[in-house]
Protein chains: 2
Amino acid sequence: MKKNLADRLLRAVDEKRNPSVVGLDPRINMIPEHVRVAASEKTEDPFQAVGFAFQEFNRAIIDDIKDIVPAVKPQVAFYEQYGSHGIKAYEETVRYAREKGLLVIGDVKRNDIGSTAEAYARAHLGEVDLVDGSSAYSFDTDMITVNPYLGSDGIRPFLEACKTYGKGIFILDKTSNPSSGELQDRTVEGNGKVYEIAARLIDRWGEELVGEKGYSSVGAVVGATYPREAQVLREIMKKAVFLIPGYGAQGGTADDILPCFNQDGYGGVVNSSRGIIFAHGRPPYSEEYGPLEYSKASRQAALHMKDDILASLERGNKLPEGW
Amino acid sequence: MKKNLADRLLRAVDEKRNPSVVGLDPRINMIPEHVRVAASEKTEDPFQAVGFAFQEFNRAIIDDIKDIVPAVKPQVAFYEQYGSHGIKAYEETVRYAREKGLLVIGDVKRNDIGSTAEAYARAHLGEVDLVDGSSAYSFDTDMITVNPYLGSDGIRPFLEACKTYGKGIFILDKTSNPSSGELQDRTVEGNGKVYEIAARLIDRWGEELVGEKGYSSVGAVVGATYPREAQVLREIMKKAVFLIPGYGAQGGTADDILPCFNQDGYGGVVNSSRGIIFAHGRPPYSEEYGPLEYSKASRQAALHMKDDILASLERGNKLPEGW
């Protein structure tokens, strides 16, 4: 029996005394020139060059934030752009981060049904079949994000993988973007909003995966940009960990994320991507660090984010006991 | 200005006189032994061996169905299981199928917002940025499937890519699986079902991409297993091409798919995966073809599917003019 993921995640949050995670979303035209040049010199293939640049860019950041944050969240879309070379960089980033003791949330938003959903679950959380009948881990991320639009058929294969391999999922519920309400906010006759129905499903799906600390390995994505909705959702999904995008670049503040946390101070992990990994490009960090020290700028930005969130938890009387 | 995708798709359907497509969803333990053995002998890497087996398996099938069907639909999950080596096989399959004159529908069900959705759109439909500031096509599929749960923010970047690159998308609406109703069938106050709201959004999103033949490059996924719902959706989305899963293995019959087609006989493409690519493993095909001739069995199954669907269109008085 593998250890419950929610227990592992909360333990990591406790160890770092930090519920924030760093999104590793590399964009080639925002990566410092010296990293791009070095990558180009290693290969003739222009797609592989991008892959090398992503790996090196991430490696330095991971080295400089690994003692601060419990987890990183690579967004696979940025890697997928470069086909097999990009996915190779994703694989290496996941492997390196885990080797350095970080949990890895693969932000993949996968969704499908039946044997196809099972294929995604195996790809990202479990073991896949090989030619000789044996099996092996593929990406081996700790958690991934998934989309609920297809209902239980699209979720059950991921739940099975969570049980078998001690992994976790975050299911999209109320997302951080302006148009999220077009489907999610619709009021269903006698049942509240669509996102409330999704929340009740998520709560039910998570029941069998509750760990010793009272949280489930089945979490929910709830945007920092919708604090009022978050309050409602916290009531419905008491045992879910919320993955909270939208802090920083998208306009969500540390106070906006407070309703996502339970009274015990747990239940939320807040993500920032651009605000951390491209900190070297903007004040105040650009004043202290040049492009050669981009990962030091990321470290400073990650420390500021931690302080910002802890101060807010304290103001809201939600700082975990013993922090 | 690139040619409109819906026009290209309908022309291909007309040329083959066939609105059915073949799903290329390889599973290593269902691939004939001689293909597996040959792949294993080409590499020491067990993941690469699977990738080689997938490429060869698909290549033979593409060769034997390329004169029958207008398009193939690889399901990326099965490739993604094997990381960068699996994605390499996906890339090669897409490239080979297009080289042989087939349109390729990447069944990826991607979804995200803002710059992340743009990254997915560029990855699958357009050009991506390289280290030296130039750009190049990546997967270069003709169409992909996308998920609507995030609303317009999650769709707009794909629409832009469709315009710029002459590509298309199929947006999930009413999916073929038993639990699709958990969210999709909810009745929204004063607005019908969630899938009807999604349909009205899809119809609107598609307005700017209508081609000369009156169909839009923005299509919808509507399961063959829900003919009554399909009838309603056909009314709402008059200009959308429906991508219809669920025929065959999932229980949908040729008559079930009739409501997905317009009176002119167009507006639907029907997918079958397992029923075609693994035809060699089941009667009547297994009686005539051994595992060495698996692609011949696929050809027979594809011809049967075509006959089955055309007969149904004829019964329903929906056979396109001149077929």
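Reader: At roughly what angle do the axes of helix α2 (residues 33-40) of chain B and helix α3 (residues 46-65) of chain B cross?

Author: Happy to start there. This is a predicted model, in which local features need pLDDT of at least 70, side-chain atom pairs count only at pLDDT 80 or more, and totals for chains, interfaces and linings use all residues. Residues are numbered from 1 along each chain as its sequence is written, while chains are lettered from A and ligands numbered from 1 in the order in which they are written.

Helices (H or I, at least four residues) and strands (E, at least two) are DSSP runs numbered from the N terminus. Axes are lines fitted to C-alpha atoms, for helices over the stretch in contact, and angles run from 0 to 180 degrees between N-to-C directions. Here the two axes cross at roughly 130° and come within 8 Å. That makes α2(B) oblique to α3(B); angles under 35 degrees count as roughly parallel, over 145 as roughly antiparallel, 65 to 115 as roughly perpendicular and the rest as oblique.

Reader: Which residues of α2(B) and α3(B) meet?

Author: Two residues are in contact if their C-beta atoms, placed from the backbone, lie within 7 Å. From α2(B) come Val35(B), Arg36(B), Ala38(B), Ala39(B) and Ser40(B), and they meet Ala49(B), Phe52(B), Ala53(B), Glu56(B) and Phe57(B) of α3(B).

Reader: How should I read the sheet of chain B, and which strands make the barrel?

Author: Strands of a sheet pair through backbone hydrogen bonds, either parallel or antiparallel. Two strands pair if DSSP finds at least two bridges between them. In chain B, eight strands form a closed barrel in the order β1-β2-β3-β6-β7-β10-β11-β12, with parallel pairing. On average, neighbouring strands of this sheet are turned by 30° against each other, direction ignored. For one pair, follow strand β1 (residues 20-24) of chain B and strand β2 (residues 71-74) of chain B, which are joined in the parallel sense over three bridges. Gly23(B) stands opposite Lys73(B) in β2(B).

Reader: And how many residues does each chain bring to the contact between A and B?

Author: Chain B brings 62 residues and chain A brings 62 residues. On the side of chain B that touches chain A, helix α6 (residues 114-125) of chain B gives the most, with six residues.
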